[in-house]
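The sequence and the coordinates come before the questions.

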Amino acid sequence: MVNTPPVESLTPQPVMQPHSEPVGADAPVVHPVKAEVRNLSFYYGSFKAVKNVSLPFYEKAVTALIGPSGCGKTTLLRCFNRMHDLYPGNRYEGEIVLYPSRINIVGPAASPIEMRMRVSMVFQKPNPFPKSIFENVAYGLRLRGVGGRSELEARVEQALRGAALWEEVKDRLRDGAYGLSGGQQQRLCIARALAVEPEIVLFDEPTSALDPIATGKIEELIDDLRQRVTILIVTHNMQQASRVSDYTAFMYLGEMIEYDRTAKIFTNPSKSLTEQYISGRFG
Amino acid sequence: MRPIDHTIRRGQLQDLIFRVLGVSLLLLCLGTLGVLIFNLAHDGLSRLDLKFFSSFASRHADEAGIKAAWVGTALIMLVTALTAIPLGLAAGIYLEEYARKNWFTGLIEINIANLAGVPSIIYGLMALGLLVYKLNFGRSILSGGVTLAFLILPIVIVATREALRSIPQSMREAAYALGATRWQVIRHHLLPYSAGGISTGVIIALGRAIGETAPLITIGALTYIAFLPPAPFSMMDSGHRAGAFSWLMTDFTVLPIQMFNWVSMPGEDFQANAAAAGLVLMLATLGINAVAIGVRYRMRRRIKW
C-alpha cells in the first residue's frame, strides 16, 4: 500500500478529482470515501476488460456505473466481491482499497471469502435459493455462525423490513421462495444481501428482468438504503442512474471516461463521449 | 385449390405420418416387453410361492427355490451401492466442481465415457485378477459387489455430473457471493438441488447391476449353493462365532446365475423354475425403476428454478 491518504480527513483525495468544484459548503452531504479503486485493470485470460480505472466510492452514497454493453462495468463491479476468482484465468492488477480497514480487496492478502462476507451482491436476475423465504434470508447469517433461533428470526425480520418485503411475506416465511413474483424475489435477494450487514452492496442491473412497477419499488428501496450502506449499481437504464445515484461513472471499452456527481454528468458532462452516450447517440 | 392449401396439406400429411410411425414403434417396444413378461408369467407363475423364496436350489425341480440367490443378489447390491455411490459421487463432484478444465481432466472425461461402454465381462476379468487373486478377496460377496460397483461407477459419475451441471450457475454465484466456501456451496446447495437427478441415476445404475451375470461368473460365483452367508455374530457350523463382516467373504450366487443354471437343465420343470426366477428378477428391476421415477417426480416438484 502506497501513501494512503488519511481517510479520517473529510476531504479524501481520490486519484481522480471527482468534483467539478471542491466539496464545500454548497455540497449537500460530505461523504467519506468507502472504497477507492486505484489503477485497476482486469484480465479475462489475455483480454483486458477493465483498463487502468481509478475512482472513489463514497460511503452511504449510491454510485452508478453506466456505459454500453461490454464496457466493463459489470466486470468492475464483480471485482469488489472477488467473483472473478471463481473462474480460472482471471487476473487483477492495481488496487481496490476498502476503508477504514485499508485492505486491498483484490490484493493477494485479502481472502475472497472474507471480501464476500463484507461486500454483498444483488444479481441481474433474481436468484433466490429453492428454499423457504426464511432460509433464503437466514443463509448468509448461518454462514457467519449466527445460530440462535430468536436472533435469526429477529435479523431475518429486520432484513425483510429493510427490503420492504416484510408485510408481504410475514405470514408465509416457511413457503418456498419461488412462489413469489419476480419483483418480490428480487427484493428477497436484496434482503438476503442486507441481512449480513455488509459494508457495500453491489447491484448488477437489478431491475433489468423486472416490469416497471417492480422496478419502481426496487428504485425506491435503493433510495432508502443509501442512508445505511454504500451502494454500487450497474445499470443500462440511464434514467435509473439519474434517479437513484449520487455519483456516476461512465465507462467505455474498459476505460473510465468520466466520473462526477450524477447531476453534473447528466446535465453538463465534460467529455463529448459521455454526452453522446447519455443523449442516446450510441450504446 | 390455392397453392397455400397444398403446402398446408403436405405439412399436415408429414405430421400424420410421423405420428403414426412414432406410435407404432412405441407399441412395438411395449408389446415386446409385454409378451416377455406374459411369457415368463405364464411359465413361471405357478412356481411363485413363499416356498420358492425360502428354499435352496435342489435336484428336484419342485423343491428348488431361490433363497440363496435372492439373498446373494440383495447382499451383492448392498456392497455395490455402498461402494459405487460414495466413489461415484465424490468423483463426479470433484470433476464438476473442483477440477480445472485442462487436457488431463479432458482425458479422464473421455475415459469415463469409454468405461461406460466396456463389455461387462472385461470388468469380470479385471476383477478376477485384481480382487480375487491380487487382493485375495476370493470368490466372495465382497468381490462380486465391488466388481459390479466398478461396472456402474461410470454411470454414477456421469449421472452426478449431469445433475450438478443442470443447476444454474446463478445458484452457485448466489451462494458464493454470501461468503460460502466451495464445500459449503456443494453441501448446502448443489447436493440438495441435484439429489433427485443423482438418485435417479444411481437407482438406474443399480437396476443395471442387478441383472449382470457375466462378470460374476467370471470371478467364480457358484451356481449351486445351499447355505446363507453367516449373519453378523451368529454361531457357525465350525463352532466359531461369525464376525460382523464374515458374510462379506462368503461364496455366493445371484438370481441371474441361478436362472441360467436352471435354463441349462433338462426337463420342463426346471424351465418353469427359470421362468419364475426371471419373473422375480424382472419385477425387482421394474420396482427399482419405479422408485427412480417416483424419486425424480418428488424432487422435481420440490425444486424448480
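**Fold of chain A and a patch on chain B**

Chain A holds ten helices and ten strands. The model is predicted.

Q: In what order do the six strands of the open sheet in chain A stand?
A: The pairing in this open sheet is mixed. Neighbouring strands are turned by 20° against each other on average, direction ignored. Across the sheet of chain A the order is S6-S7-S8-S3-S9-S10.

Q: Which strands of chain A stand at the edges of the sheet?
A: A strand at the edge has a single partner strand, so one side of it is left without a neighbour in the sheet. In chain A this applies to strand S6 (119–122) and strand S10 (255–261).

Q: Which residue stands opposite A:Met121?
A: Strand S6(A) runs parallel to S7(A), and four bridges join them. The residue of S7(A) that stands opposite A:Met121 is A:Leu202.

Q: Are A:Ser120 and A:Val122 buried or exposed?
A: A residue counts as buried under 20% relative accessible area. Both faces of S6(A) are covered, with A:Val119 and A:Met121 on one side and A:Ser120 and A:Val122 on the other. The state of A:Ser120 and A:Val122 is buried.

Q: What angle does the direction of helix H7 of chain A make with that of S8(A)?
A: Helix H7 (residues 212–225) of chain A packs on the sheet. This helix touches S3, S7 and strand S8 (230–234) of chain A. Its direction makes with that of S8(A) an angle of about 150°.

Q: How much of chain A is made up of buried residues?
A: Chain A has 283 residues. Among contacts in chain A with a separation of 6 or more, residues 24 or more positions apart account for 67%. The share of buried residues is 57%.

Q: What is the relative accessible area of B:Leu13?
A: B:Leu13 is found in helix H1 (residues 3–44) of chain B. Together with B:Leu16, B:Ile17 and B:Val20, B:Leu13 makes a nonpolar surface patch of about 390 Å². Residues of such a patch have over 30% relative accessible area. B:Leu13 is partly exposed, and its relative accessible area is 49%.

Notes. Residues are numbered from 1 along each chain as its sequence is written. Chains are lettered from A and ligands numbered from 1 in the order in which they are written. This is a predicted model: local features need pLDDT of at least 70, side-chain atom pairs count only at pLDDT 80 or more; totals for chains, interfaces and linings use all residues. Side-chain values use heavy atoms; hydrogens and water are left out. Two strands pair if DSSP finds at least two bridges between them. Helices (H or I, at least four residues) and strands (E, at least two) are DSSP runs, numbered from the N terminus. Axes are lines fitted to C-alpha atoms, for helices over the stretch in contact, and angles run from 0 to 180 degrees between N-to-C directions. Contact means heavy atoms within 4.5 Å. Patches are made of residues with over 30% relative accessible area and no salt bridge: like charges are joined within 9 Å, nonpolar side chains (Val, Leu, Ile, Met, Phe, Trp, Tyr) within 5 Å. Accessible areas come from the Shrake-Rupley method with a 1.4 Å probe; for residues, only the protein chains shown count as cover. A salt bridge is a side-chain nitrogen of Lys or Arg within 4 Å of a carboxyl oxygen of Asp or Glu. Buried means under 20% relative accessible area, exposed over 50%, partly exposed in between (1.4 Å probe, protein chains only).
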